[in-house]
Amino acid sequence: MSLFTDHPRARWAAPAAAVAVVAAGTLVTNLTASADPSLPPRSAAQLLADVQRAQLAYVSGTVVQSADLGLPDLSALGGGRQGSSSLQSVVTGTHTWRVWYGGEQQQRLALVGSLGESDVIRNGRDLWLWSSDQKTAEHYRLPAKPAGRTHDEQAGGSASPRATDLPKTPEEAAKRALAALDPTTAVTTSGSSVVAGRSAYDLVLKPRDPASLVASVRISVDAKRHIPLRVQAYSTKRANPAFEVGFTSIDFGRPDARQFAFNPPPGTKVTEHPVTAPDKAKAQGKDKTRTKGAPTVVGKGWTAVAVGSLPPGALTSGSTKPGQRGQGDQLQALLKNLPRVSGSWGSGRLLNGTLFSAVLTDDGRYAVGAVKPEGLYAALKAR
């Protein structure tokens, strides 16, 4: 099950920032797991094989996501519109999603808030982004998948998830954690639990390198279906999970087709986005523009650091409309709340979170990784 990773605009869940502090214990209370001693024992190797072989035809349910990344107020981003049902609001607080998966061509995520909801709906080649609160909808007509390119590449996306693109389902979170498996990771089991009323085995990933800010990642694997029901990421700085996403209810029956048939309600402002067919060079995988300016990865495993440079004008592009802020204005407002740092690598602003840290230098370079600030500074010097 891969929800909305096939289109770049569907990655609305994480603008270029992260998540503010969540009320202590909120999600822990809602998702408390109890041990199930009736399950037969399974080794870590067996659980890994189970997850990698698992196939799921259909699923629907409710997912709760929460994060405590120890980051500053991000209301300056997105023009200050951070309502509980805004797609941009998922970078702060605890959020509830409704999930429907009817196969590769039918998928839907609904962010449910106190003032309404926002949805991402895929039905065949039609992709809709809808906000009931803002009364807006964006419609994309997805291109057919060209030969020789992956699902992600055909839509202009990146094969690697962004560091700040928070996963919205346990399956997405588990894929990212399992992608980090290499000799730098210790894999163990930690008994069993009950998640969304289903028995699950707990698989634990621990970085061997003490320089990582990630203490461990705990994946609760459904005992029968072998899919991830919940993922918890623990920081070296916190006792409770710094990030958590898990089902509170789940159904494996085929969702009703009406869940994927979207018709904009009366009064909705609809924006149509035309499809640009990829040229022959792109279809053959020879297009080099996608990788131009891509960050360099320094190190490997859990302590890898991405080092790159912002596009020209990223910090100076202001809005041309009175009373509105451009992206450059918003980023500058955020940076003013971050402490200044300096060293032989240069000077800039530091974002020191619980699961990752980031630094933006005065000359437009940046470094991001699941490491302490000293790891970022070393990577900047090495590049």
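1. A word on terms before we start: a residue is called buried when its relative accessible area is under 20%, and exposed when that value is over 50%. Please keep in mind that this is a predicted model.

2. With that in hand, have a look at helix 7, which spans residues 373–382. Its buried residues are Pro-373, Leu-376, Tyr-377, Ala-379 and Leu-380. These residues lie on the same side of helix 7, because they cover an arc of only 160° around the axis. On the face turned away from that buried side you will find the exposed residues Glu-374, Lys-381 and Ala-382.

3. What covers the buried residues of helix 7? Several strands contribute, including strand 13 (296–298), strand 14 (305–309) and strand 15 (340–343). Strand 16 (346–352), strand 17 (357–361) and strand 18 (365–369) are also among the covering elements.

4. Next, the hairpin made by strand 5 and strand 6, with four residues between them. Lys-135, in the turn, has a positive phi of about 55°. Strand 5 (residues 126–131) and strand 6 (residues 136–141) run antiparallel and are joined by six bridges; Trp-130, for example, has Ala-137 in strand 6 as its bridge partner.

5. Strand 6 also pairs with strand 12 (residues 269–273), this time in the parallel sense, over five bridges. Here His-139 stands opposite Glu-272 of strand 12.

6. Finally, is Ser-193 buried or exposed? Ser-193, which belongs to strand 7 (residues 185–195), has a relative accessible area of 2%, so it is buried. Its side chain makes a polar contact with the side chain of Asp-202, at 3.0 Å.

Terms used:
Residues are numbered from 1 along each chain as its sequence is written. This is a predicted model: local features need pLDDT of at least 70, side-chain atom pairs count only at pLDDT 80 or more; totals for chains, interfaces and linings use all residues. Side-chain values use heavy atoms; hydrogens and water are left out. Helices (H or I, at least four residues) and strands (E, at least two) are DSSP runs, numbered from the N terminus. Buried means under 20% relative accessible area, exposed over 50%, partly exposed in between (1.4 Å probe, protein chains only). A polar contact is a pair of N or O atoms within 3.5 Å; within protein, one must be able to donate a hydrogen and the other to accept it, and residues adjacent in sequence count only if both atoms are side-chain atoms. Two strands pair if DSSP finds at least two bridges between them. The arc is that of the directions from the helix axis to the C-beta atoms. Contact means heavy atoms within 4.5 Å.
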